[in-house]
Amino acid sequence: MDNRGGVTGPLSKVYLLQHYYDYGKESEHEEVKELGVYSTRELAEEATDRYLPLPGFRDYPRECFQISEFVVDRDTAWTEGFSIPPYHVNPLPESVAWPD
């Protein structure tokens with residue numbers, strides 16, 4: 001995975017705005033909504049201000065909004081691959097489990 005020759009300048013970074021919260025008797029579940037990708041942190045903050053008064057979002061504190069910075073054209077995660085725990089293996093053939 002080669003990251004050379006990537007984007008530089010104003011759009012070399014983007015900012016992902018998400019809204020997340022935990023729920024369930026013991027907060028065992030997480031709900032995440034990906035709201036937008038912005039060219040600056042400031043624009044992502046402005047978007048947060050637009051979402052805050054909307055139904056649903058207004059019931060949660062500002063801390064439920066998360067802005068993450070990503071560098072364009074760079075691997076950010078899973079660079080070593082991944083393995084599936086045995087208890088996650090689907091016994092069905094792929095064509096049955098995930099039909100087109």
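Is Glu69 buried, partly exposed or exposed? Glu69 is partly exposed, with a relative accessible area of 40%, where buried means under 20% relative accessible area, exposed means over 50%, and partly exposed lies in between (1.4 Å probe, protein chains only).

The structure is a predicted model, in which local features need pLDDT of at least 70 and side-chain atom pairs count only at pLDDT 80 or more, while totals for chains, interfaces and linings use all residues. Residues are numbered from 1 along each chain as its sequence is written, and side-chain values use heavy atoms, with hydrogens and water left out.

## Overall layout

The protein chain contains two helices and three strands, and these follow the pattern β-β-α-β-α along the sequence. Helices (H or I, at least four residues) and strands (E, at least two) are DSSP runs, numbered from the N terminus. Of the 100 residues of the protein chain, 18% count as buried. Contact means heavy atoms within 4.5 Å, and among the contacts with a separation of 6 or more, 52% come from residues 24 or more positions apart.

## The sheet and the helix on it

The three strands form an open sheet in the order E2-E1-E3, with antiparallel pairing. Because E2 and E3 stand at the edges, each with a single partner strand, one side of each is left without a neighbour in the sheet. Neighbouring strands are turned by 30 degrees against each other on average, direction ignored; for such angles, axes are lines fitted to C-alpha atoms, for helices over the stretch in contact, and the values run from 0 to 180 degrees between N-to-C directions.

Two strands pair if DSSP finds at least two bridges between them. Strand E1 (residues 13-23) pairs with strand E2 (residues 29-38) over nine bridges, and E1 pairs with E3 over seven bridges, again in the antiparallel sense.

## Ser68 in strand E3

Ser68 lies in strand E3 (residues 65-71) and is buried, with a relative accessible area of 14%. Its side chain makes a polar contact with the side chain of Gln66 at 3.1 Å; a polar contact is a pair of N or O atoms within 3.5 Å, where within protein one must be able to donate a hydrogen and the other to accept it, and residues adjacent in sequence count only if both atoms are side-chain atoms. Leaving aside its neighbours within four places in sequence, Ser68 is in contact with Val14, Tyr15, Leu16 and Gln18.

## The nonpolar core

A nonpolar core is a set of buried Ala, Val, Leu, Ile, Met, Phe, Trp, Tyr and Cys residues joined through side-chain atoms within 4.5 Å. The largest one has nine residues in all, namely Tyr15, Leu17, Leu35, Tyr38, Ala44, Ala47, Phe57, Phe65 and Ile67, and E1, E2, H1 and E3 each supply at least two residues of this core. In soluble globular proteins, nonpolar side chains tend to be buried together. Phe57 touches His19, Lys33, Leu35, Tyr51, Leu52 and Phe65, not counting residues up to four places away in sequence.

## Salt bridges

A salt bridge is a side-chain nitrogen of Lys or Arg within 4 Å of a carboxyl oxygen of Asp or Glu. A search of the whole structure finds four salt bridges, including those in the table.

| Salt bridge | N to O distance |
|---|---|
| Lys13 and Glu69 | 3.6 Å |
| Arg62 and Glu45 | 3.2 Å |
| Arg62 and Asp49 | 2.9 Å |

Salt bridges that share partners join Glu45, Asp49 and Arg62 into one network.

Lys13 is partly exposed, with a relative accessible area of 34%.
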